[in-house]
Amino acid sequence: MQIVCGKCEYYYVTHDRSRPWGCRKFGFKSSRLPSHEVRSTTGMNCAYFTEKNFNQTSERDRHGG
C-alpha cells in the first residue's frame, strides 16, 4: 500500500524551511515526507496512517461567508 501523507490526520506542514513536513503521531519534523522517513528508518510502511475525514463543505460554507 502506498502511503500518502497529505491524506493522513497526523501529517502537518511546518514553518521550518529545513524540515517542512511533520508527523504528530511520531512527533518529528523532516526534510522528507514522514512516510519516506518511517520507511527508511524501520523498513516498513507507516503503521499509524489514519485517513483524514474530508468534508465536502468549505470553511466558508460552514461560517456563512
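Thr 14 is placed in the loop between strand 1 (11–13) and strand 2; strands (E, at least two residues) and helices (H or I, at least four) are DSSP runs numbered from the N terminus. The model is predicted, so local features need pLDDT of at least 70 and side-chain atom pairs count only at pLDDT 80 or more, while totals for chains, interfaces and linings use all residues. Residues are numbered from 1 along each chain as its sequence is written, and side-chain values use heavy atoms, with hydrogens and water left out.

Thr 14 has a relative accessibility of 13% and therefore counts as buried (under 20% relative accessible area; exposed is over 50% and partly exposed in between, with a 1.4 Å probe and protein chains only). Its side chain reaches the backbone nitrogen of Asp 16 at 3.1 Å. A polar atom of the Thr 14 side chain also lies 2.6 Å from the backbone oxygen of Arg 19.

## Aromatic cluster

Two aromatic pairs are found in the whole structure; rings of Phe, Tyr and Trp (its six-membered ring) pair if their centres lie within 6.5 Å, and planes under 30 degrees apart count as stacked, over 60 as edge-to-face and the rest as tilted. Phe 26 and Phe 28 have ring centres 6.3 Å apart and planes at 40 degrees, so this pair is tilted. Phe 26 and Tyr 48 have ring centres 5.3 Å apart and planes at 70 degrees, so this pair is edge-to-face. The latter pair links distant parts of the chain, 22 residues apart: Phe 26 is in the loop between strand 2 and strand 3 (28–30), and Tyr 48 is in the loop between helix 1 and helix 2 (59–62).

Phe 26, Phe 28 and Tyr 48 form one aromatic cluster. Phe 26 is partly exposed at 37% relative accessible area, and Tyr 48 is partly exposed at 40%. The charged end of Lys 25 sits over the ring of Tyr 48, 4.9 Å from its centre (NZ of Lys or CZ of Arg within 6 Å of the ring centre and within 35 degrees of the ring normal).

## Lining of the largest cavity

Fourteen residues line the largest cavity, and those closest to its centre are Cys 5, Cys 8, Cys 23, Pro 34 and Cys 46. A cavity is a set of points on a 1 Å grid over the protein atoms alone where a 1.4 Å probe fits but cannot get out, and lining residues have an atom within 4 Å of a point. Strand 2 (21–23) and helix 1 (34–42) each give two or more residues to the lining, and helix 1 gives the most, with three.

How values were computed. 1 Å grid on protein atoms, 1.4 Å probe; cavity = no way out; pocket = protein on both sides within 12 Å on 5 of 7 lines; lining within 4 Å. Polar contact = N/O pair within 3.5 Å; in protein donor to acceptor, adjacent residues only side chain to side chain.
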